[in-house]
Amino acid sequence: MTEWTILGAGALGCVMAGLLRQRGERVGFMLSARHRGHFHPSLDLITLGGRHELIQSRPRFPEQARQVECLLVFTKAYQVLDALKGLQELPTSTPIILFHNGLGVAEQVQELFPHNPLIAGVSSHGAMKEGDWLVRHTGKGDTWLGPMNQAANDWAHLVKPLAAALGHAEWSENIKLHQHRKLALNAVINPLTACHNIRNGQLLEPRFADVLEQLSEEVFQVMVNLGETESRDAFRRRLQQVIELTAVNYSSMHQDLAHGRSTENDYISGYILAHAGAQPVPVSSQLYREIKRRGG
(Lines give C-alpha, C1' and ligand atoms only; values in the text may rest on other atoms or scores of the structure.)
Protein backbone atom coordinates (compact mmCIF):
# COMPACT_ATOMS: atom_id res chain seq x y z
CA MET A 1 0.00 0.00 0.00
CA THR A 2 1.41 3.37 -1.05
CA GLU A 3 1.88 6.01 1.65
CA TRP A 4 0.49 9.38 0.61
CA THR A 5 2.58 12.31 1.82
CA ILE A 6 0.71 15.63 1.95
CA LEU A 7 2.75 18.79 1.40
CA GLY A 8 0.60 21.74 2.42
CA ALA A 9 -1.66 21.34 5.47
CA GLY A 10 -4.31 23.76 4.28
CA ALA A 11 -8.03 23.07 4.05
CA LEU A 12 -8.06 20.82 0.99
CA GLY A 13 -4.84 18.99 1.88
CA CYS A 14 -6.21 18.16 5.33
CA VAL A 15 -9.59 17.05 3.98
CA MET A 16 -7.89 14.80 1.43
CA ALA A 17 -5.71 13.33 4.18
CA GLY A 18 -8.79 12.68 6.30
CA LEU A 19 -10.72 11.00 3.51
CA LEU A 20 -7.74 8.79 2.65
CA ARG A 21 -7.24 7.75 6.28
CA GLN A 22 -10.94 6.91 6.60
CA ARG A 23 -10.38 4.31 3.88
CA GLY A 24 -7.39 2.83 5.71
CA GLU A 25 -4.73 4.45 3.51
CA ARG A 26 -1.36 5.39 5.02
CA VAL A 27 -0.95 9.17 5.18
CA GLY A 28 1.84 11.48 6.29
CA PHE A 29 2.26 15.26 6.40
CA MET A 30 5.50 16.85 5.22
CA LEU A 31 6.01 19.51 7.89
CA SER A 32 8.18 22.62 7.90
CA ALA A 33 11.00 23.40 10.31
CA ARG A 34 8.72 25.44 12.59
CA HIS A 35 6.87 22.22 13.51
CA ARG A 36 10.07 20.45 14.52
CA GLY A 37 10.13 19.46 18.17
CA HIS A 38 6.43 20.24 18.56
CA PHE A 39 3.74 17.71 19.32
CA HIS A 40 2.11 16.60 16.08
CA PRO A 41 -1.63 16.59 16.87
CA SER A 42 -4.37 14.50 15.36
CA LEU A 43 -6.28 16.16 12.56
CA ASP A 44 -9.86 17.04 13.55
CA LEU A 45 -12.01 16.50 10.46
CA ILE A 46 -15.60 17.72 10.46
CA THR A 47 -17.40 15.46 8.00
CA LEU A 48 -20.21 16.41 5.62
CA GLY A 49 -22.60 15.04 8.22
CA GLY A 50 -21.17 17.34 10.89
CA ARG A 51 -19.34 14.66 12.91
CA HIS A 52 -15.88 15.30 14.34
CA GLU A 53 -13.39 12.55 13.50
CA LEU A 54 -9.81 12.44 14.75
CA ILE A 55 -7.44 11.51 11.94
CA GLN A 56 -4.00 10.12 12.75
CA SER A 57 -1.12 10.78 10.34
CA ARG A 58 2.65 10.38 10.31
CA PRO A 59 4.78 13.55 10.60
CA ARG A 60 7.52 13.86 8.00
CA PHE A 61 10.37 16.37 7.66
CA PRO A 62 12.46 17.36 4.62
CA GLU A 63 15.43 15.17 5.60
CA GLN A 64 13.06 12.19 5.28
CA ALA A 65 12.30 12.98 1.63
CA ARG A 66 13.95 9.71 0.55
CA GLN A 67 11.13 7.82 2.27
CA VAL A 68 8.33 9.60 0.39
CA GLU A 69 6.46 7.18 -1.89
CA CYS A 70 3.91 9.58 -3.38
CA LEU A 71 3.86 13.36 -2.86
CA LEU A 72 0.59 15.33 -3.05
CA VAL A 73 1.26 19.08 -3.16
CA PHE A 74 -1.53 21.30 -1.76
CA THR A 75 0.43 24.48 -1.08
CA LYS A 76 -0.49 27.80 -2.66
CA ALA A 77 0.81 28.16 -6.21
CA TYR A 78 3.43 30.72 -5.20
CA GLN A 79 4.71 28.40 -2.44
CA VAL A 80 5.18 25.28 -4.55
CA LEU A 81 8.73 25.84 -5.77
CA ASP A 82 10.19 26.93 -2.44
CA ALA A 83 8.48 24.03 -0.67
CA LEU A 84 9.83 21.51 -3.17
CA LYS A 85 13.36 22.93 -3.17
CA GLY A 86 13.72 21.57 0.36
CA LEU A 87 13.03 18.04 -0.90
CA GLN A 88 16.00 17.53 -3.22
CA GLU A 89 16.51 14.02 -1.78
CA LEU A 90 13.14 12.94 -3.15
CA PRO A 91 13.63 9.68 -5.12
CA THR A 92 13.38 10.17 -8.86
CA SER A 93 10.76 7.40 -8.92
CA THR A 94 8.41 9.30 -6.57
CA PRO A 95 5.41 10.83 -8.35
CA ILE A 96 4.67 14.49 -7.62
CA ILE A 97 0.97 15.41 -7.85
CA LEU A 98 0.25 19.15 -8.02
CA PHE A 99 -3.15 20.27 -6.67
CA HIS A 100 -2.58 24.03 -6.43
CA ASN A 101 -4.96 26.62 -7.90
CA GLY A 102 -4.04 28.46 -11.08
CA LEU A 103 -1.57 27.56 -13.80
CA GLY A 104 2.02 28.26 -14.69
CA VAL A 105 3.91 26.34 -11.98
CA ALA A 106 4.20 22.81 -13.37
CA GLU A 107 6.77 23.80 -16.00
CA GLN A 108 9.06 25.13 -13.26
CA VAL A 109 8.57 22.00 -11.16
CA GLN A 110 9.56 19.92 -14.18
CA GLU A 111 12.84 21.83 -14.40
CA LEU A 112 13.48 21.28 -10.68
CA PHE A 113 12.64 17.54 -10.80
CA PRO A 114 13.25 16.55 -14.45
CA HIS A 115 13.13 12.79 -13.84
CA ASN A 116 10.16 12.50 -11.48
CA PRO A 117 6.70 11.53 -12.71
CA LEU A 118 4.79 14.83 -12.69
CA ILE A 119 0.99 14.64 -12.39
CA ALA A 120 -1.59 17.42 -12.39
CA GLY A 121 -4.50 17.10 -10.00
CA VAL A 122 -7.81 18.96 -10.25
CA SER A 123 -10.42 18.61 -7.52
CA SER A 124 -13.71 20.33 -6.81
CA HIS A 125 -14.11 19.07 -3.23
CA GLY A 126 -15.09 21.82 -0.82
CA ALA A 127 -12.96 22.40 2.26
CA MET A 128 -12.70 25.05 4.94
CA LYS A 129 -10.07 25.48 7.61
CA GLU A 130 -11.62 26.45 10.96
CA GLY A 131 -8.51 26.32 13.14
CA ASP A 132 -5.11 24.68 13.54
CA TRP A 133 -5.59 21.04 12.48
CA LEU A 134 -9.36 21.62 12.38
CA VAL A 135 -10.97 21.40 8.93
CA ARG A 136 -14.47 21.02 7.59
CA HIS A 137 -15.39 19.02 4.49
CA THR A 138 -17.97 21.31 2.87
CA GLY A 139 -18.83 19.45 -0.31
CA LYS A 140 -18.11 16.43 -2.48
CA GLY A 141 -16.66 16.94 -5.92
CA ASP A 142 -14.83 15.34 -8.81
CA THR A 143 -11.09 14.67 -8.86
CA TRP A 144 -9.01 14.27 -12.00
CA LEU A 145 -5.37 13.27 -12.41
CA GLY A 146 -3.39 13.48 -15.61
CA PRO A 147 0.19 13.27 -16.89
CA MET A 148 2.41 16.32 -17.24
CA ASN A 149 5.33 14.26 -18.55
CA GLN A 150 5.97 10.83 -20.04
CA ALA A 151 7.04 9.26 -16.74
CA ALA A 152 3.65 10.06 -15.21
CA ASN A 153 1.83 7.63 -17.51
CA ASP A 154 2.92 4.67 -15.38
CA TRP A 155 0.96 6.02 -12.41
CA ALA A 156 -2.62 6.02 -13.67
CA HIS A 157 -3.38 3.27 -11.13
CA LEU A 158 -3.27 5.89 -8.35
CA VAL A 159 -6.83 6.89 -9.21
CA LYS A 160 -8.23 3.62 -7.87
CA PRO A 161 -7.48 4.20 -4.15
CA LEU A 162 -8.26 7.89 -4.59
CA ALA A 163 -11.67 7.06 -6.08
CA ALA A 164 -12.41 4.74 -3.15
CA ALA A 165 -11.58 7.52 -0.68
CA LEU A 166 -12.97 10.55 -2.47
CA GLY A 167 -16.02 9.11 -4.21
CA HIS A 168 -14.70 10.01 -7.64
CA ALA A 169 -11.26 10.06 -9.24
CA GLU A 170 -10.37 9.48 -12.87
CA TRP A 171 -7.30 9.63 -15.09
CA SER A 172 -7.41 12.01 -18.04
CA GLU A 173 -4.88 12.14 -20.85
CA ASN A 174 -6.18 15.65 -21.50
CA ILE A 175 -5.76 17.03 -17.99
CA LYS A 176 -5.21 20.52 -19.42
CA LEU A 177 -8.92 20.60 -20.26
CA HIS A 178 -9.86 20.11 -16.60
CA GLN A 179 -7.22 22.61 -15.48
CA HIS A 180 -8.55 25.24 -17.87
CA ARG A 181 -12.15 24.68 -16.82
CA LYS A 182 -11.30 25.06 -13.14
CA LEU A 183 -9.13 28.10 -13.86
CA ALA A 184 -12.02 29.73 -15.74
CA LEU A 185 -14.27 29.43 -12.68
CA ASN A 186 -11.55 30.70 -10.37
CA ALA A 187 -10.78 33.64 -12.66
CA VAL A 188 -14.36 34.85 -12.28
CA ILE A 189 -15.24 33.99 -8.69
CA ASN A 190 -11.97 34.64 -6.86
CA PRO A 191 -11.08 38.21 -7.88
CA LEU A 192 -14.68 39.48 -7.73
CA THR A 193 -15.35 38.10 -4.27
CA ALA A 194 -11.95 39.25 -3.00
CA CYS A 195 -12.28 42.80 -4.30
CA HIS A 196 -15.87 43.22 -3.09
CA ASN A 197 -15.37 41.38 0.22
CA ILE A 198 -18.34 39.06 -0.31
CA ARG A 199 -19.28 35.39 -0.15
CA ASN A 200 -19.51 33.46 -3.41
CA GLY A 201 -23.31 33.44 -3.45
CA GLN A 202 -23.53 37.23 -3.34
CA LEU A 203 -22.20 37.33 -6.89
CA LEU A 204 -25.73 36.44 -8.02
CA GLU A 205 -27.18 39.64 -6.55
CA PRO A 206 -28.47 42.12 -9.17
CA ARG A 207 -25.76 44.70 -8.36
CA PHE A 208 -23.09 42.33 -9.72
CA ALA A 209 -24.99 41.24 -12.85
CA ASP A 210 -23.15 43.51 -15.28
CA VAL A 211 -19.62 42.92 -14.05
CA LEU A 212 -20.26 39.17 -13.75
CA GLU A 213 -21.46 39.16 -17.37
CA GLN A 214 -18.47 41.13 -18.63
CA LEU A 215 -15.87 39.16 -16.69
CA SER A 216 -17.41 35.82 -17.66
CA GLU A 217 -17.27 36.79 -21.33
CA GLU A 218 -13.62 37.87 -21.09
CA VAL A 219 -12.58 34.63 -19.40
CA PHE A 220 -14.64 32.52 -21.79
CA GLN A 221 -13.01 34.11 -24.84
CA VAL A 222 -9.51 33.56 -23.49
CA MET A 223 -10.37 29.91 -22.84
CA VAL A 224 -11.62 29.59 -26.43
CA ASN A 225 -8.29 30.98 -27.63
CA LEU A 226 -6.57 28.29 -25.56
CA GLY A 227 -8.57 25.56 -27.30
CA GLU A 228 -11.63 25.25 -25.04
CA THR A 229 -14.55 23.57 -26.80
CA GLU A 230 -17.18 24.18 -24.13
CA SER A 231 -20.02 26.39 -25.34
CA ARG A 232 -20.67 29.82 -23.83
CA ASP A 233 -24.01 28.64 -22.41
CA ALA A 234 -22.45 25.53 -20.86
CA PHE A 235 -19.76 27.64 -19.22
CA ARG A 236 -22.34 30.07 -17.83
CA ARG A 237 -24.42 27.20 -16.44
CA ARG A 238 -21.37 25.62 -14.83
CA LEU A 239 -20.34 28.94 -13.31
CA GLN A 240 -23.82 29.56 -11.87
CA GLN A 241 -23.96 26.03 -10.48
CA VAL A 242 -20.64 26.40 -8.67
CA ILE A 243 -21.61 29.80 -7.26
CA GLU A 244 -24.88 28.32 -5.96
CA LEU A 245 -23.22 25.19 -4.52
CA THR A 246 -20.58 27.29 -2.73
CA ALA A 247 -22.89 30.21 -1.92
CA VAL A 248 -21.98 30.43 1.78
CA ASN A 249 -18.25 29.98 1.19
CA TYR A 250 -15.57 32.62 0.89
CA SER A 251 -13.19 32.08 -2.01
CA SER A 252 -9.55 31.27 -1.29
CA MET A 253 -8.44 34.63 -2.73
CA HIS A 254 -10.94 36.46 -0.52
CA GLN A 255 -9.60 34.67 2.55
CA ASP A 256 -5.97 35.32 1.64
CA LEU A 257 -6.60 39.01 1.06
CA ALA A 258 -8.74 39.36 4.19
CA HIS A 259 -5.97 37.83 6.33
CA GLY A 260 -3.14 39.82 4.80
CA ARG A 261 -1.63 36.86 2.96
CA SER A 262 -0.26 36.67 -0.56
CA THR A 263 -2.81 35.50 -3.11
CA GLU A 264 -2.66 33.33 -6.22
CA ASN A 265 -3.56 36.37 -8.32
CA ASP A 266 -0.57 35.90 -10.64
CA TYR A 267 -1.57 32.31 -11.38
CA ILE A 268 -5.30 32.96 -11.86
CA SER A 269 -6.10 36.42 -13.23
CA GLY A 270 -2.46 36.80 -14.22
CA TYR A 271 -2.72 33.66 -16.35
CA ILE A 272 -5.76 35.11 -18.11
CA LEU A 273 -3.90 38.35 -18.87
CA ALA A 274 -0.80 36.47 -20.07
CA HIS A 275 -2.86 34.42 -22.55
CA ALA A 276 -5.33 37.07 -23.71
CA GLY A 277 -3.23 37.98 -26.74
CA ALA A 278 -4.88 40.80 -28.67
CA GLN A 279 -8.22 40.27 -26.94
CA PRO A 280 -9.24 43.13 -24.62
CA VAL A 281 -9.72 42.00 -21.00
CA PRO A 282 -10.41 45.28 -19.16
CA VAL A 283 -12.32 43.81 -16.20
CA SER A 284 -9.73 41.09 -15.59
CA SER A 285 -6.99 43.71 -15.81
CA GLN A 286 -8.72 46.04 -13.38
CA LEU A 287 -9.35 43.27 -10.84
CA TYR A 288 -5.76 42.01 -11.18
CA ARG A 289 -4.37 45.48 -10.48
CA GLU A 290 -6.74 46.05 -7.56
CA ILE A 291 -5.72 42.78 -5.88
CA LYS A 292 -2.08 43.81 -6.35
CA ARG A 293 -2.78 47.26 -4.91
CA ARG A 294 -4.24 45.67 -1.78
CA GLY A 295 -1.11 43.63 -1.26
CA GLY A 296 -2.26 40.41 -2.89
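Is Arg-60 buried or exposed? Some notes on that and a few other spots follow.

1. First, the ground rules. This is a predicted model, so to speak of local features a pLDDT of at least 70 is needed, side-chain atom pairs count only at pLDDT 80 or more, and totals for chains, interfaces and linings use all residues. Residues are numbered from 1 along each chain as its sequence is written, and side-chain values use heavy atoms, with hydrogens and water left out.

2. Back to Arg-60: it counts as buried because its relative accessibility is 6% (buried means under 20% relative accessible area, exposed over 50%, partly exposed in between, with a 1.4 Å probe and protein chains only). You'll find Arg-60 in strand β5, residues 58–60 (strands are DSSP runs of E, at least two residues, and helices are runs of H or I, at least four, numbered from the N terminus). Leaving aside residues up to four places away in sequence, Arg-60 touches Glu-3, Phe-29, Met-30, Leu-31 and Gln-67; contact here means heavy atoms within 4.5 Å.

3. Now the sheet. Four strands make an open, mixed sheet, ordered β4-β3-β10-β9 (two strands pair if DSSP finds at least two bridges between them). At the edges sit β4 (52–55) and β9 (126–131), each pairing on one side only. From one strand to the next, the twist averages 30 degrees. Strand β3 (residues 43–46) runs antiparallel to β4, with four bridges joining them, and Ile-46 stands opposite His-52 in β4.

4. Helix α1 (residues 11–22) lies across β3, β4, β9 and β10 (134–139), and runs at about 90 degrees to β3. For that angle, axes are lines fitted to C-alpha atoms, for helices over the stretch in contact, and angles run from 0 to 180 degrees between N-to-C directions.

5. On to the packing. The largest nonpolar core has 34 residues, of which Leu-72, Ile-97, Ile-119, Leu-145 and Leu-158 touch the most other members (such a core is a set of buried Ala, Val, Leu, Ile, Met, Phe, Trp, Tyr and Cys residues joined through side-chain atoms within 4.5 Å). Helix α1 gives this core its largest share, seven residues. Apart from it lies another core, of 32 residues, including Leu-103 and Val-222.

6. Most residues other than glycine have a negative phi. Trp-133, not a glycine, has a positive phi of about 60 degrees; it lies in the loop between β9 and β10 and is buried at 15%. Asn-197 has a positive phi near 55 degrees, but is exposed at 54%, in the loop between α5 (175–196) and α6 (209–225).
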